[in-house]
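Please consult the sequence and the structure while reading.

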Amino acid sequence: MLCLKPGCWLEGEVINVIMEFLTDCERIATRNKAQTWYLNTRMNSEAMGNPLDVKDFIRRHRYQSFFMGPLVHCCKIYVPINPGKHWIVMLVGVDDEVVEIWDSYLYGAKSTGEDLVYDVLTVLDAVLKDEIASTKPSGWSFSKFSIRTPQNVPQQPNLYDCGVFAINIMESRDILELTLGKFHSEDERARLVLKMVMSKFNRKQNTLFASARRHHEMRSGNRICNRA
């Protein structure tokens with residue numbers, strides 16, 4: 001939570017929590033036939049290693065059964081990637097076989113995340129090998145998808161809000177709300193805190209409320225003593 005303080009760079013675990021919320025909502029809405037997959041940041045970090053090691057990681061942590069689902073139903077996949085202290089969103093269009101790199105801090109026309117894209121696509125091929133063979137045409141492969149970097153992605157006004165922008169993109173919020181003049185970093189960070197705390201998927205909600213209540217009562221007691 002502390003990395004959601006104003007001016008702080010967002011840690012990956014905050015993104016992972018939101019990805020789990022979005023995954024749960026998608027599965028409920030589609031009755032476990034998820035059309036949109038929200039992969040967490042561990043796919044990004046593991047993609048830098050050996051794809052065979054990644055398959056073992058996914059099997060041991062039940063990654064595929066939770067974050068993915070039957071490939072036959074999947075239309076698009078969101079993957080947060082980090083090429084180095086900067087969060088970027090990969091949007092994998094399964095039906096049109098196109099990968100879009102949504103980068104809120106572009107250097108010219110090329111995103112710093114382009115070098116990671118092929119690694120992630122190779123991992124998807126390895127993990128979903130059996131499903132690809134049974135549901136897709138011969139020769140179909142994620143690694144053959146075309147890659148493009150949209151130039152109309154709203155750009156962050158600072159060096160630390162890339163994670164906040166990435167979450168907004170994966171939430172499919174109106175990108176006009178991220179444009180200069182409409183985007184307010186502190187408000188967005190407060191929204192994410194409330195989203196995590198108040199979510200029905202937050203299993204620690206009662207514990208957190210009790211802790212906040214004790215803190216409030218202690219602070220209130222201190223103020224009364226000070227006045228006295």
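For the helix pairs discussed below, an axis is a line fitted to C-alpha atoms over the stretch in contact, and the angle between two axes is taken between their N-to-C directions, on a scale from 0 to 180 degrees. The model is predicted.

**Overall architecture**

The protein contains nine helices and five strands. Read from the N terminus, these elements follow the order α-β-α-α-α-β-β-β-α-α-β-α-α-α. Along the principal axes, the C-alpha atoms occupy a box of roughly 80 × 40 × 30 Å.

| Helix pair | Angle | Axes |
|---|---|---|
| Helix 1 (residues 12-30) and helix 8 (residues 185-198) | about 55° | 11 Å apart |
| Helix 1 and helix 7 (residues 162-170) | roughly 10° | within 11 Å |
| Helix 7 and helix 8 | about 60° | 11 Å apart |

Helix 1 and helix 8 pack at about 55° and are therefore oblique to each other. Helix 1 passes helix 8 in a left-handed crossing. On the side of helix 1, this contact is formed by Val14, Val17, Ile18, Phe21 and Leu22, and on the side of helix 8 by Leu192, Lys195 and Met196. By class, the residues of this contact comprise seven nonpolar, no polar and one charged.

Helix 1 and helix 7 cross at roughly 10°, an angle that makes helix 1 roughly parallel to helix 7. Here Val14, Ile15, Ile18, Met19 and Leu22 of helix 1 meet Gly163, Ile167 and Met170 of helix 7. The residues of the contact between helix 1 and helix 7 divide into seven nonpolar, one polar and no charged.

Helix 7 and helix 8 also pack against each other, at an angle of about 60°, and are therefore oblique. Their crossing is left-handed. Helix 7 contributes Val164, Ile167 and Asn168, while helix 8 contributes Glu188, Arg189, Arg191 and Leu192. This contact of helix 7 with helix 8 has three nonpolar, one polar and three charged residues.

**The largest pocket**

The largest pocket has a volume of about 320 Å³. Its lining consists of 17 residues, and those nearest the centre of the pocket are Val17, Glu20, Phe21, Phe201 and Asn202. Helix 1, helix 8 and helix 9 (205-227) are the elements that give two or more residues to this lining. The largest share, six residues, comes from helix 1. By class, the lining of the largest pocket divides into eight nonpolar, three polar and six charged residues.

Technical notes:
Residues numbered from 1 in each chain as written. Predicted model: local features only at pLDDT ≥ 70, side-chain atom pairs only at ≥ 80, totals over all residues. Heavy atoms only, no water. Helix = DSSP H or I, 4+ residues; strand = E, 2+ residues; numbered from the N terminus. Parallel < 35°, antiparallel > 145°, perpendicular 65-115°, else oblique. Left-handed = near helix turned anticlockwise from the far one by under 90°. Contact = heavy atoms within 4.5 Å. Nonpolar A, V, L, I, M, F, W, Y, C, P; charged D, E, K, R; others polar. 1 Å grid on protein atoms, 1.4 Å probe; cavity = no way out; pocket = protein on both sides within 12 Å on 5 of 7 lines; lining within 4 Å. Points joined across faces, edges and corners; volume = space filled by probe spheres on them.
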